[in-house]
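Please go through the structure shown below with the briefing that follows it.

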Amino acid sequence: MEFSQEDFDRLLLFEHARKTAESNYAQNPLDADNLTKWGGALLELSQFQNIADSKNMINDAISKLEEALLVDPVKHEALWCLGNAQTSQAFLTPDIDEAKVFFDKARDYFQKAADENPSNELYQKSLENTDKATDLHMEIHKHGLVQQTLGGGPSASSNEKTSKKKKKSSDLKYDIFGWIILAVGIVAWVGMAKSHVPPPAPR
């Protein structure tokens with residue numbers, strides 16, 4: 001799978017955040033903020049994997065986020081991240097009826113997050129986008145683009161037609177993850193980014 005420099009930087013950032021959260025968990029397993037950040041990092045990292053590994057990583061994220069809710073049942077950041085996780089699972093599920101189950105769960109989590117924090121525009125937007133998710137799901141599976149979007153696509157030596165298809169799958173990556181997962185950074189990571197910035201790589 002080819003990464004842009006921006007993708008590679010994000011990969012390093014969230015891998016660092018995952019390791020930091022894992023270390024913090026060993027010291028304090030009842031820190032709901034840390035569990036939410038851990039789950040959020042796993043969600044971000046899941047988009048860099050193939051489909052099977054992505055599903056496993058999303059499941060790991062869900063377990064961390066559910067653990068956060070056991071500590072703090074009304075933690076809206078964790079509720080919102082769980083909505084993202086369910087939406088991601090839906091997009092990775094080819095069968096539309098099975099996917100709708102995930103989308104329904106996502107809507108419930110987004111609604112709960114919005115109820116807890118009504119002034120958060122991101123939560124409201126996520127709730128609205130869930131209504132469009134089924135159409136987007138059918139579009140990407142109709143064209144078989146999920147595999148390519150998550151890095152299982154054809155090699156760079158493919159012909160021009162395939163290259164155009166890869167371009168479309170790359171665009172869809174941001175349709176899928178842009179309004180679902182990438183925004184995790186806005187909610188869960190602002191404080192952590194200030195206090196846990198990885199050191200710059202040696203030149």
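Asp 33 forms a salt bridge with Lys 75, with 2.3 Å between the closest N and O atoms, where a salt bridge is a side-chain nitrogen of Lys or Arg within 4 Å of a carboxyl oxygen of Asp or Glu. Asp 33 lies in helix 2 (residues 32-46) and Lys 75 in the loop between helix 3 (51-71) and helix 4 (76-91), so the pair ties together parts that are 42 residues apart in sequence. The model is a predicted one, in which local features need pLDDT of at least 70 and side-chain atom pairs count only at pLDDT 80 or more, while totals for chains, interfaces and linings use all residues. Residues are numbered from 1 along each chain as its sequence is written, and side-chain values use heavy atoms, with hydrogens and water left out.

- Lys 75 counts as buried at 8% relative accessibility, whereas Asp 33 counts as partly exposed at 42%; buried means under 20% relative accessible area, exposed means over 50%, and partly exposed lies in between (1.4 Å probe, protein chains only).
- Lys 75 also meets the side chain of Glu 77 in a salt bridge, with an N to O distance of 3.3 Å.
- Side chains of opposite charge can pair when their charged atoms come close.

- Arg 18 and Glu 22 are joined by their side chains in a salt bridge of 3.0 Å, N to O, and because they are 4 residues apart in helix 1 (residues 5-27), about one helical turn separates them.
- Arg 18 counts as buried, with 18% relative accessibility, while Glu 22 is partly exposed, with a relative accessible area of 38%.
- A network of salt bridges links Glu 15, Arg 18, Lys 19 and Glu 22, and the count of salt bridges by this rule comes to 8.

**Gly 83 and its surroundings**

- Gly 83 has its place in helix 4 and counts as buried, at 0% relative accessibility.
- Leaving aside neighbours within four places in sequence, Gly 83 is in contact with Ala 106, Tyr 109 and Phe 110, contact meaning heavy atoms within 4.5 Å.
- The C-alpha atoms of Gly 83 and Leu 127 are separated by 9.1 Å, although these residues are 44 residues apart along the chain.

**A nonpolar surface patch**

- Leu 30, Leu 70 and Val 71 form a nonpolar patch on the surface, with about 330 Å² of accessible area together.
- Patches are made of residues with over 30% relative accessible area and no salt bridge, like charges being joined within 9 Å and nonpolar side chains (Val, Leu, Ile, Met, Phe, Trp, Tyr) within 5 Å.
- Leu 30, placed in the loop between helix 1 and helix 2, is exposed, with a relative accessible area of 61%.

**The chain as a whole**

- The protein chain has 10 helices and 0 strands, where helices (H or I, at least four residues) and strands (E, at least two) are DSSP runs numbered from the N terminus.
- Of the 203 residues in the protein chain, 44% are buried, and residues 24 or more positions apart account for 70% of the contacts with a separation of 6 or more.
- The accessible surface of the protein chain comes to about 10700 Å², of which 52% belongs to carbon and sulfur atoms; accessible areas come from the Shrake-Rupley method with a 1.4 Å probe, and for residues only the protein chains shown count as cover.
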